[in-house]
Structures are given as structure tokens and as C-alpha cells.
Amino acid sequence: MIWVVGALLCLAAALNYLDRGALGVVTKEIYRDFSMNDRDYSYVTAAFLIAYAIMYAGSGYIVDRLGTRLGFAAFIFSWSVSQILHGFTRGKWSLAGCRFLLGLSEPGAWPAAAKAVDEWFPANRRALGIGIFNAGTSIGSILAPVVVALVTARFGWRSAFVVTGILGLIWMAAWLLLYESPHRNRWLRPAEYARMKPLLPPAAEAKPASEPLSRRWRLVTERGCWVLVLTRFFTDPVIYFIIFWGFKFLRDRHGFTLEDVARYSWVPFVFGSVGYVFGGWLSGRLMEAGWPIPRARKFVMALGAAVMPVAISAPYLPNGGLAIAAMCFTTFGHALWVANLQTLPTDMFRSSEIGTVTGFTGSGGAIGGALAQLGTG
């Protein structure tokens with residue numbers, strides 16, 4: 001059952017990034033229909049990340065209060081409906097409004113996933129669990145150009161947003177049917193639960209938190225929390241740039257058509273998927289070899305940080321194939337980094353605090369991302 005949970009989390013992340021990445025695939029069509037330019041586009045993407053920052057800070061608390069099962073379902077329902085509404089926009093401001101609603105809804109996936117991993121995965125496999133979840137972000141980024149381009153070519157860009165939104169509602173139904181914590185899950189065989197129980201948090205820690213948000217803000221003053229907030233402020237914009245501007249760069253600089261985007265631009269995200277799983281597996285393997293948890297996490301993060309700057313060369317390369325190759329270094333390195341960075345709250349805080357802390361740290365990343373979007377535009 002643990003791998004069923006992992007698969008659900010992976011699929012949720014895939015849908016999350018499929019929905020947010022759809023806009024970047026059809027920029028030319030939207031520019032044409034809404035008479036937009038790059039500055040207008042930066043406002044639209046910044047609206048998403050400003051809302052993302054606002055809600056990320058509170059989404060973890062919401063998940064802690066509702067519990068993992070209901071909290072995740074509430075957020076994916078909200079972002080799926082927001083995605084569908086994109087198909088009914090009539091101009092850049094209504095588009096920005098839908099992006100804002102999407103930004104209010106999508107952050108909840110991360111604290112919910114962190115809590116699910118904490119409830120189901122033992123400590124030496126938590127980075128692997130987070131890695132499996134984050135591999136879904138790369139899968140979603142792989143699917144976005146393919147699915148959106150195919151639907152757009154056949155039915156128009158508005159239909160692409162409606163179709164991708166409906167997929168999220170289907171996932172929500174499966175989640176409500178299958179997910180509960182191990183202590184209450186009716187699909188978990190007794191023998192499997194007996195093997196898992198000594199390695200999992202106590203059942204009491206899986207209950208929704210009752211502490212008010214005003215008292216939860218004390219967590220921000222703890223060194224572990226604010227260091228993670230700053231870390232994500234500086235490093236989350238890396239992947240936001242690839243998602244929101246990477247496809248546009250290939251179309252503008254190297255003349256990629258919509259069909260070319262569908263055919264080639266998924267490649268960097270395959271490397272990201274590998275990096276997420278490998279980064280989670282490697283830190284767990286180092287722990288099994290006797291490394292302390294902090295040292296194992298930071299070693300793999302350092303490997304990721306070392307390879308990301310290769311993408312600086314992308315604008316200076318003579319063709320799209322080499323530019324995509326340079327982008328692969330960033331997606332792979334960032335995946336190594338994130339698979340362990342996003343696992344740190346599960347190492348450092350109590351189960352009832354993980355959602356809140358993950359929310360605060362993600363808010364820092366979204367603020368950095370919004371500022372980077374405006375700067376890019």
C-alpha cells in the first residue's frame with residue numbers, strides 16, 4: 001500500500017505541474033488572442049506566484065487542521081476548478097485573475113504530500129517518498145507540452161485548460177477512496193501494517209492539529225524554519241524560470257513550433273524525474289551506510305547545486321538541441337536539491353507541525369519566484 005500512496009502523490013504532483021505549465025505552452029496563441037506582450041505575461045505569471053506565496057503560508061496550517069486526506073482533496077478540487085476557468089477567460093486581466101486563483105489553490109499539495117510521506121514512510125525512506133512525489137512535477141512538465149499542444153491543435157487552447165482541470169477532479173475521487181493514514185487505512189493488510197508500525201509516527205500524531213494559526217507563527221522564529229524559508233526564496237525561482245519561460249525561449253529564440261515543443265521540450269524534465277528519485281534514494285543509501293541525516297541530505301544537495309549553473313550557457317548556444325541539453329543540467333541538479341530540501345521539515349519538526357512549516361518555507365520560495373518573474377519580464 002505504501003507504493004500506492006507514493007503513486008497517488010506522484011500523480012498529484014504531475015497534475016499540479018501539468019496545470020501550471022499549460023500556460024507556458026500556448027503563450028503565442030494567448031498573446032495573439034489577447035494582444036499581450038512579455039511585460040503583460042510577466043504580470044500574469046507573477047499574479048500566480050503572489051497568490052502562491054500568500055496561500056503557501058496558510059496552506060500548511062489548513063492541511064494540519066483538516067488532516068492529510070481532506071486537506072489534499074480540498075486543494076486539488078480548488079485548483080482543478082481554477083484551471084477549468086482559464087478556458088473561459090476573455091482578456092489578460094481575467095487570465096491573471098484565474099492564475100491568481102490557481103496560485104491560491106496549488107500550494108496545498110506540498111504540505112499535504114509532506115504529511116502523507118511522514119505518515120507512511122520511515123525516516124530513511126522519506127527523501128525517497130518526497131523524491132517520488134517531486135518526480136511527478138517533472139512528469140507533469142513532460143506531459144504539459146505534449147497534452148496541451150495536442151489538445152490545442154485539435155480543439156483550441158481553451159479546451160486544453162478544461163481537459164487538464166477535469167483530470168484533477170478524477171484524481172480527487174481516487175484519493176478520497178484510497179487514502180487514510182496507516183493506522184486507519186482499510187486497504188492496508190494487517191501483516192504489512194505490523195511490519196510498518198514500529199517505524200511510523202504514533203497514531204496520535206496523525207490527527208489534525210487543533211492549535212490556532214496565531215500560535216503557529218512562532219515556528220517562523222525558529223532557526224530551522226527561517227533558514228529553510230531563505231533557502232527556498234533563492235532557489236525555487238530556478239525551476240519557475242524553466243517552467244514559465246523555457247518553452248517561450250525555445251519558440252522565440254530557436255523558432256520552435258507548437259509541434260516542436262511537444263516533440264522535444266519534455267527532455268529536461270525526464271532528467272528532473274531521474275534526479276528526484278535518485279536524490280531521494282542516494283541520501284537514504286548514505287544513511288544506511290552510517291552517515292548522519294544532516295550530512296547525507298546536504299551532501300546530495302551540494303551535488304545538485306554544483307551542476308545547475310551549466311544552464312547559464314543556454315542563451316549562447318547555436319541551436320535548440322544544445323540549449324535543451326544545458327537546461328537538463330538545471331532540472332537534474334535542482335531535483336537532487338529539492339528531493340532533500342523538502343524532506344528536511346520531516347526531519348526537524350513534529351508531525352503536527354510539518355504542514356505548517358512546509359507552507360511557510362514554500363511561501364518564501366513563491367515570493368522569490370514572483371520577484372524573479374517580474375524581473376524576467
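Arg 232 and Asp 236 form a salt bridge, with the closest N and O atoms 2.9 Å apart. A salt bridge here is a side-chain nitrogen of Lys or Arg within 4 Å of a carboxyl oxygen of Asp or Glu. The structure is a predicted model, in which local features need pLDDT of at least 70 and side-chain atom pairs count only at pLDDT 80 or more, while totals for chains, interfaces and linings use all residues. Residues are numbered from 1 along each chain as its sequence is written, and side-chain values use heavy atoms, leaving out hydrogens and water.

Both Arg 232 and Asp 236 lie in helix H11. Four residues separate Arg 232 from Asp 236, about one turn of the helix. Helices are DSSP runs (H or I, at least four residues), numbered from the N terminus. Arg 232 and Asp 236 are both buried. Buried means under 20% relative accessible area, exposed over 50%, and partly exposed in between (1.4 Å probe, protein chains only).

By the salt-bridge rule, the count comes to ten. Side chains of opposite charge can pair when their charged atoms come close. Glu 29 and Arg 251 are both buried.

Asp 38 and Lys 248 form another salt bridge, the closest N and O atoms being 2.9 Å apart. This pair also links distant parts of the chain: Asp 38 in helix H3 (residues 38–66) and Lys 248 in helix H11 lie 210 residues apart. Asp 38 has a relative accessible area of 33%, so Asp 38 is partly exposed. Lys 248 counts as buried because its relative accessibility is 8%. Through salt bridges that share partners, Asp 38, Lys 248 and Asp 252 join into one network.

Aromatic pairs number 18 in the structure. Rings of Phe, Tyr and Trp (its six-membered ring) pair if their centres lie within 6.5 Å; planes under 30 degrees apart count as stacked, over 60 as edge-to-face and the rest as tilted. The ring centres of Trp 171 and Trp 175 are 5.1 Å apart and the planes are at 20°, so this pair is stacked. Trp 171 and Trp 175 both lie in helix H8 (residues 157–178), four residues apart. Both are buried. Elsewhere, Phe 48, Tyr 52, Tyr 240 and Phe 244 form one aromatic cluster.

The largest nonpolar core holds 75 residues. A nonpolar core is a set of buried Ala, Val, Leu, Ile, Met, Phe, Trp, Tyr and Cys residues joined through side-chain atoms within 4.5 Å. Leu 9, Ile 30, Phe 72 and Trp 171 touch the most other members. Helix H1 (residues 2–25) gives the largest share of this core, twelve residues. Leu 9 touches Phe 72, Ala 113, Ala 116, Val 117, Phe 133 and Trp 175, not counting residues up to four places away in sequence. Contact means heavy atoms within 4.5 Å. A second, separate core has eleven residues, among them Ala 135, Ala 335, Leu 341 and Leu 344.

On the surface, Trp 266, Val 270, Phe 271, Val 274, Phe 278 and Trp 281 form a nonpolar patch. Together they have about 530 Å² of accessible area, by the Shrake-Rupley method with a 1.4 Å probe. Such a patch is made of residues with over 30% relative accessible area and no salt bridge, the nonpolar side chains being joined within 5 Å. Val 270 lies in helix H13 (residues 267–288). Val 270 counts as partly exposed because its relative accessibility is 31%.

Conventions:
Helix = DSSP H or I, 4+ residues; strand = E, 2+ residues; numbered from the N terminus. Patch = residues over 30% accessible without salt bridge, like charges linked within 9 Å, V, L, I, M, F, W, Y side chains within 5 Å.
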